Amino acid sequence: MATRKPATVTTDAKFGVQECAALDFVSAQFEDCSFDHGDLKQRDLRGAKFVDCTFNTCDLVVAKVVDCVFLRVRFQGCRLGGVNWSQARKLESVSFESCQLNDGSFLGLRLEACAFTDCVARGTTFRDANLAKATFRGSNLANAEFVNCDLRGADFRGATEYALSPVDNRLEKARCSLP
């Protein structure tokens, strides 16, 4: 029986363009790390664990996040289009600020209190997700799909182009602003 390689743990490190290009993310663990301007398009992040990390202006378009863990991770100004977040093992206390999340999927995830602030999430699906107390302030949600979602206490003030059905979602105490 083959033994599994132990996870590489990296703490308190900063990775720029060249360092991100050289990293092997598969099954690696990062704690208190920052990734700046990394080109991670279509990269395989399978099994990686990110704790208290920040991604600044990174490109993760269609990155593979199968079995990944994101705990207290902050994405700022990142391109995250086409990512199937529902394949991740866990997303907890994650924030997306000024990110592009077009055509992504958060199908069936527990995203209580997650923040999607000033993002563009056109065509993104949030079907069957728990988004209680999540914030979507200032985000463009054109053609985003909210079906069978728990949106109790969610904040949509300043968000644009979204459609929420009170028949298909739980909306108690959700906050919205008029256009």
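The largest nonpolar core has 54 residues, and those touching the most other members are F35, F70, F75, W85, F96, L131 and F146. A nonpolar core here is a set of buried Ala, Val, Leu, Ile, Met, Phe, Trp, Tyr and Cys residues joined through side-chain atoms within 4.5 Å. Buried means under 20% relative accessible area, exposed means over 50%, and partly exposed is in between, using a 1.4 Å probe and protein chains only. As a rule, nonpolar side chains tend to be buried together in soluble globular proteins.

Bear in mind that this is a predicted model, where local features need pLDDT of at least 70 and side-chain atom pairs count only at pLDDT 80 or more, while totals for chains, interfaces and linings use all residues. Residues are numbered from 1 along each chain as its sequence is written, and side-chain values use heavy atoms, with hydrogens and water left out.

Now for the sheet. Five strands make an open, parallel sheet in the order β1-β3-β5-β7-β9. β1 (9-11) and β9 (90-92) are at the edges with a single partner strand each, so one side of each has no neighbour in the sheet. On average, neighbouring strands of this sheet are turned by 10° against each other, direction ignored; the axes behind such angles are lines fitted to C-alpha atoms, for helices over the stretch in contact, and angles run from 0 to 180 degrees between N-to-C directions. Strands (E, at least two residues) and helices (H or I, at least four) are DSSP runs numbered from the N terminus, and two strands pair if DSSP finds at least two bridges between them.

β5 pairs with strand β7 (residues 69-71) in the parallel sense over 3 bridges, and F50 stands opposite F70 in β7. Leaving aside neighbours within four places in sequence, F50 is in contact (heavy atoms within 4.5 Å) with F25, F30, F35, F55, V69, F70, L71 and V73. C68 is 18 residues from F50 in sequence, and their C-alpha atoms are 7.9 Å apart.

At 55% relative accessibility, A21 counts as exposed.

There are 30 aromatic pairs in the structure. Rings of Phe, Tyr and Trp (its six-membered ring) pair if their centres lie within 6.5 Å; planes under 30 degrees apart are stacked, over 60 edge-to-face, and the rest tilted. Here are two of those pairs:

| Pair | Centre to centre | Angle of planes | Type |
|---|---|---|---|
| W85 and F96 | 5.5 Å | 70° | edge-to-face |
| F126 and F146 | 4.9 Å | 5° | stacked |

W85 lies in the loop between β8 (74-76) and β9, and F96 in strand β10 (residues 95-97), so this pair ties together parts 11 residues apart in sequence. W85 is buried at 1% relative accessible area, and F96 is buried at 1% too. Both F126 and F146 are buried.

How many disulfides are there? The count is 0, where a disulfide is a pair of cysteine sulfur atoms within 2.5 Å. The closest cysteine sulfur to that of C58 is in C78, 4.8 Å away, which is too far for a bond. C119 is in no disulfide either, with the nearest cysteine sulfur, that of C99, 4.9 Å away. C58 is buried at 2% relative accessible area, and C119 is buried at 2% relative accessibility.
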